[in-house]
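Here is a short briefing on one protein chain. Please look over the sequence and the coordinates, then read the notes by topic.

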Amino acid sequence: ELVAEGSDAVAIGLIDQDGHGYLDGSTLPPLESGLTYQLWGVIAENGDVVSLGILGSTPELETFTVESEVAALAVTIEQSPGVISDGNPDGAFVGTF
């Protein structure tokens, strides 16, 4: 489960043994125009944070792929079209494995 402080919304994420990931973002609140949700992974081996995809302003069931073991997932709110690195931690939905 990915949760954010002060929010009742919960996103559910999982990654299978082949690196195929799924995120149910259907309970995340819709964002205003010009904003997007962005999915991040924290690599278990070194703690690097990498973008796993742009989810849009009203995510549903989203798919992604990872090539390394991921210790945690996070969903941030960014200005569209998203950012390359250093996602916005304010209001982030975070969950660990």
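**Overall shape and make-up**

For 97 residues, a compact globule would have a radius of gyration near 13 Å; the protein chain has 12 Å, so the value agrees with a compact globule. The model is predicted. The protein chain holds eight strands and zero helices.

- The order of elements from the N terminus is β-β-β-β-β-β-β-β.
- The C-alpha trace spans about 35 × 25 × 20 Å along its principal axes.
- Of the 97 residues, 35% count as buried.
- Take the contacts between residues at least 6 apart in sequence: 58% of them join residues at least 24 apart.

- Strand β3 covers residues 20-24. Its covered face consists of Gly 21 and Leu 23. His 20, Tyr 22 and Asp 24 make up the uncovered face.
- Strand β2 (residues 10-15) pairs with β3 in the antiparallel sense, over four bridges. Ile 12 stands opposite Asp 24 of β3.
- β2 and β3 form a hairpin, with four residues between them. In the turn, Gly 19 has a positive phi of about 85°. As background, most residues other than glycine have a negative phi.
- β3 also pairs with strand β6 (residues 61-65). This pairing is antiparallel too and runs over five bridges. Thr 63 in β6 is the bridge partner of Tyr 22.

**Nonpolar core**

- The largest nonpolar core has 17 residues. Leu 23, Leu 39, Phe 64, Leu 73 and Val 75 touch the most other members.
- β4, β5 and β7 each supply at least two residues of this core. The largest share, four residues, comes from β4.
- Leu 23, on the covered face of β3, is among the residues that Leu 39 touches.
- Leaving out residues up to four places away in sequence, Leu 39 also touches Val 50, Ser 51, Leu 52, Gly 53, Leu 55, Phe 64, Leu 73, Ala 74 and Val 75.

**Glu 78 in β7**

- Glu 78 lies in strand β7, which spans residues 70-79.
- Is Glu 78 buried or exposed? Glu 78 is buried, because its relative accessible area is 7% and the cut-off for buried is under 20%.
- The side chain of Glu 78 makes a polar contact with the side chain of Thr 76, at 2.7 Å.

**Loops**

- Asn 46 sits in the loop between β4 (35-43) and β5 (49-56).
- Asn 46 has a relative accessible area of 48%, so it counts as partly exposed. The cut-off for exposed is over 50%.
- A polar atom of the Asn 46 side chain lies 2.9 Å from the backbone nitrogen of Asp 48.
- The C-alpha atoms of Asn 46 and Val 70 are separated by 10.0 Å. These two residues are 24 residues apart along the chain.
- Pro 81 has its place in the loop between β7 and β8 (93-96).
- The peptide bond from Ser 80 to Pro 81 is cis, with omega near 10°. Most peptide bonds are trans.

How values were computed. Residues numbered from 1 in each chain as written. Predicted model: local features only at pLDDT ≥ 70, side-chain atom pairs only at ≥ 80, totals over all residues. Heavy atoms only, no water. Buried < 20%, exposed > 50% of the residue type's maximum accessible area, 1.4 Å probe, protein only. Pairing = 2+ DSSP bridges. Polar contact = N/O pair within 3.5 Å; in protein donor to acceptor, adjacent residues only side chain to side chain. Core = buried A, V, L, I, M, F, W, Y, C linked by side-chain atoms within 4.5 Å. Contact = heavy atoms within 4.5 Å. Rg over C-alpha atoms; globule rule 2.2 N^0.38 Å.
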